Structures are given as structure tokens and as C-alpha cells.
Amino acid sequence: MPDSEEKRSDPAQPRFDWLADLALITDAAREAGKVALAYFGQSPEVWWKNEGRSPVSAADYAANRVLEEILRHARPHYGWLSEETDDDPARLSCDTLFVIDPIDGTRAFLAGKDTWCVSVAVVHKGKPVAGILVAPSLGEEFTAAIDEPARRNGQDIAVSTVGIEDSIKIASAQDMVATFSPILRPRIERVDHIPSLAYRLALVADGRIDATLVKKSSHDWDLAAADLILARAGGSITDLEGQSLVYNRQDVTHPVLCAASADILPALLKNISRIPRS
């Protein structure tokens, strides 16, 4: 038997089927979305974490439990990183892991606003390879896998074709819009706050907004699934030096980020002048 065939048939060689993983996380995210939706508008119990800065509700925990039960049972050898699970440093030794936000946009969820979603990604060697966002209250699902198009509700999506000389719809806080150069600033149409960061990035992927600036200290679980969906739709999210994000590091927070179509992102980065680079 030729060497190449021996390698292909070697059971010790890892085999990855990211489409199978996408199907798995899609089913799991849908189930978690159903659980969360049952709490929506029902005033679930709320606790405060991060020294009282961030709310977490009974809905977050219930959705997280569903995701854990389904995903860890199906892929016990994968690592795990979730906003609502105590971090286990063992994930750092895993090439492949699930990165989870049971409810991205908890504040919106608790306020009865529809802009929240379940975010689930499979990350392999620091990069997302399958991702799903389920927004049950909006009836929307965004999916992507490596070498597959980004889709919303099964239909291919793509970033906007706006050019840097055009009017640009940017989702960002007013103080961050002010950091763009005076040349670009008059062409910026600021979009009102979108509470879920993952959903905001999905809107960039879907071409409904052109770009977004992300304040520092976002986390892997906010970004991983949406990062892949955006990339497969023709966009990118980077730090202000244009560097792509790496996931499953010891520190899972990120600096200020910018997301847009791959065509205009470099020009946007050049026109951001007054935000600290770290």
C-alpha cells in the first residue's frame, strides 16, 4: 500500500468533519434557544457578576445546561469555554473546543428586547471552524463552517459593497465615532446601539450595516461564532493593527476591534486616529 494511503487510513490520525460539528452545534443552539425563549418576558431571577457590572439570569444558566448536556456528551474530547461555566484551564491543552455564550445580549433579553442570541462555535487551534447564532425572538439563524458560505436561515449572505468614499453605516458608540479622522467622519452614519455583539457582527456579515467598532474587553464567547460567519460572508474583524483574532488563549479578552467588509476594513483602520492601540 502506498505511504499516502497508509496515512489516510491510519486510525491514529485525527479526522475532523466540521460540517458534522456545524449540524451538532446548530441542533444544540436551537434547543438552548427554545429554553431561553421560555424565560423571555417572564422576569427570570437575576444575579450580578464581575463585581456587579454584568447581569446573569436563570435563563442564561438553563440554556448553558442544555448546551453542556448535548455538546459534551457528543464530543467528550473537546474542550469547553462558556461565559456561564467556571473556566477550566484544561481547555488550553485542547486543540478543539466549544466556545459558548448561552445568551449574548443578556441585558437586552432582560429588558424584553429581541436582539439577543445563542452563540456557539467550534474552535480548532485558535480559529473558529464552525459557528451558529440563533436569535429565537427574531426568527433568525446565522451559520458558517470553514469552506462553506455564511448563511441566514439557509440563504447565502454577503457583506455590503459600500466603498470608503460612500456613506458608511457604522454601529458604534458616539465617542468611538469621534475617533475617526475628520476626512471620514462626515460620511459616517451612526447606527443605534445593538445590544448583542454577536448579532451586531452578524448584521455586518448580512450587509445590513457596513462596519462596527468594538470596545475593548470583549470575550472569545462574544466573538468566535460571529467571527467565522463574518469571514465566510466576505468580511473580517481585527484589532486596530489589522491582526486577526486568536481564540482559546489564557486571556480570553480582546482589545478594541473593528469589523467590516474585507474591502473597506484597511481604509477604516487607517482613519482611526485617537483610540489607544491596546
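Let's start with a pair of helices: α6 and α7 are roughly parallel to each other, because the angle between them is about 5°, and angles under 35 degrees count as roughly parallel. Their axes lie 9 Å apart. Keep in mind as you look around that this is a predicted model.

Who touches whom in this pair? On the α6 side you'll find Leu-197, Ala-198, Leu-201, Val-204 and Ala-205, and they meet Asp-222, Leu-223, Ala-226, Ile-229 and Leu-230 of α7. Sorted by class, the contact of α6 with α7 comes out as nine nonpolar residues, no polar ones and one charged.

Five strands make up an open sheet with mixed pairing, and the order is β11-β10-β12-β16-β14. Its edges are β11 (188–191) and β14 (235–239), each of which pairs on one side only. On average, neighbouring strands of this sheet are turned by 25° against each other, direction ignored.

Zoom in on the β14 end. Here β14 pairs with β16 (residues 257–261) in the antiparallel sense, over five bridges. If you want a landmark, take Ser-236, whose bridge partner in β16 is Ala-260.

Helix α6 (residues 197–205) lies across β10 (168–171), β12 (211–214), β14 and β16, and runs at about 150° to β12.

There is another sheet to visit. Seven strands form this open sheet, in the order β3-β4-β5-β6-β7-β8-β9, and again the pairing is mixed. Strands β3 and β9 (155–156) are at the edges with a single partner strand each, so one side of each has no neighbour in the sheet. Further along the order, β7 (residues 140–145) and β8 (residues 151–152) pair in the antiparallel sense over two bridges.

The crossing of α2 and α3 is right-handed.

The α2 side of this contact consists of Leu-24, Ile-25, Ala-28, Ala-29, Glu-31, Ala-32, Val-35 and Tyr-39. From α3 come Ala-58, Ala-59, Ala-62, Ala-63, Val-66, Leu-67, Ile-70, Leu-71 and Ala-74. By class, the contact of α2 with α3 has 16 nonpolar residues, no polar ones and one charged.

One last stop, for the aromatic rings. The count comes to eight aromatic pairs, with ring centres within 6.5 Å as the cut-off. One of them joins Tyr-78 and Phe-98: the rings are 5.1 Å apart centre to centre, with 50° between the planes, which makes the pair tilted. This pair links distant parts of the chain, 20 residues apart. Tyr-78 belongs to the loop between α3 and β3 (79–82), while Phe-98 is in strand β4 (residues 96–104).

Notes. Residues are numbered from 1 along each chain as its sequence is written. This is a predicted model: local features need pLDDT of at least 70, side-chain atom pairs count only at pLDDT 80 or more; totals for chains, interfaces and linings use all residues. Side-chain values use heavy atoms; hydrogens and water are left out. Two strands pair if DSSP finds at least two bridges between them. Helices (H or I, at least four residues) and strands (E, at least two) are DSSP runs, numbered from the N terminus. Axes are lines fitted to C-alpha atoms, for helices over the stretch in contact, and angles run from 0 to 180 degrees between N-to-C directions. Contact means heavy atoms within 4.5 Å. A crossing is left-handed if the near helix is turned anticlockwise from the far one by less than a right angle, and right-handed if clockwise. Ala, Val, Leu, Ile, Met, Phe, Trp, Tyr, Cys and Pro count as nonpolar, Asp, Glu, Lys and Arg as charged, and the others, Gly among them, as polar. Rings of Phe, Tyr and Trp (its six-membered ring) pair if their centres lie within 6.5 Å; planes under 30 degrees apart count as stacked, over 60 as edge-to-face and the rest as tilted. Angles under 35 degrees count as roughly parallel, over 145 as roughly antiparallel, 65 to 115 as roughly perpendicular and the rest as oblique.
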